[in-house]
Amino acid sequence: MIHPSYVELMKKVNDEHTLVGEEPVVNSRYSIVCATAKRAREIVDGAEPINVKNASEKKALSIAVEELYNGDLKILSEDEVEAKERELQELKEDLANDRYAYEKYLSEDVNVNTTAEA
């Protein structure tokens, strides 16, 4: 049997990640089971455990439950996921723009240096 139980885990996750008056992050056993199973699959596929002692001696599901219970992972709502994805896309676009500007700067600098040498 996995400790803590899903009831304790749901309570802990909702207490830590829900402000007064907000809807709980985890509304059902199904939600908490899906979240832990998804994280366990990530661990099986090679993701590093977060702040788990003796992780090499534990199974992936036990690690996932412990991470959620300790607050090392946060379950996001659909709105939060969409916002994070938009933020990530904006960062990628900014990086691409910065890289383009840097490469353009380098090519202009090379042209200036070769013209000065001639």
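Predicted model: local features only at pLDDT ≥ 70, side-chain atom pairs only at ≥ 80, totals over all residues.
Residues are numbered from 1 along each chain as its sequence is written, and side-chain values use heavy atoms, with hydrogens and water left out. Helices here are DSSP runs of H or I with at least four residues, numbered from the N terminus.

The largest pocket has a volume of about 560 Å³. A pocket is an open set of points on a 1 Å grid over the protein atoms alone, where a 1.4 Å probe fits and protein lies on both sides within 12 Å along at least five of seven lines, and lining residues have an atom within 4 Å of a point; the volume is the space filled by probe spheres set on the points, which are joined across faces, edges and corners. Of the 16 lining residues, Ala 35, Lys 38, Lys 74, Ile 75 and Leu 76 are the closest to the centre of the largest pocket. Both α2 (29–44) and α4 (78–117) supply at least two residues of this lining, which by class comprises 9 nonpolar, 2 polar and 5 charged residues (Ala, Val, Leu, Ile, Met, Phe, Trp, Tyr, Cys and Pro count as nonpolar, Asp, Glu, Lys and Arg as charged, and the others, Gly among them, as polar).

Confidence, expressed as pLDDT from 0 to 100 for each residue, averages 81 over the chain, and 85% of the residues score at least 70.

Most residues other than glycine have a negative phi. Asn 51 counts as exposed because its relative accessibility is 63%, where exposed means over 50% relative accessible area, buried under 20% and partly exposed in between, with a 1.4 Å probe and protein chains only.

In helix α3 (residues 60–70), Ala 60, Ile 63, Ala 64, Val 65, Glu 67 and Leu 68 are buried. Just after α3, Gly 71 takes a positive phi of about 85°. Lys 12 lies over the face of Tyr 69, at 4.8 Å from the ring centre, a placement that requires NZ of Lys or CZ of Arg within 6 Å of the ring centre and within 35 degrees of the ring normal.

Technical notes: pLDDT = per-residue confidence, 0-100.
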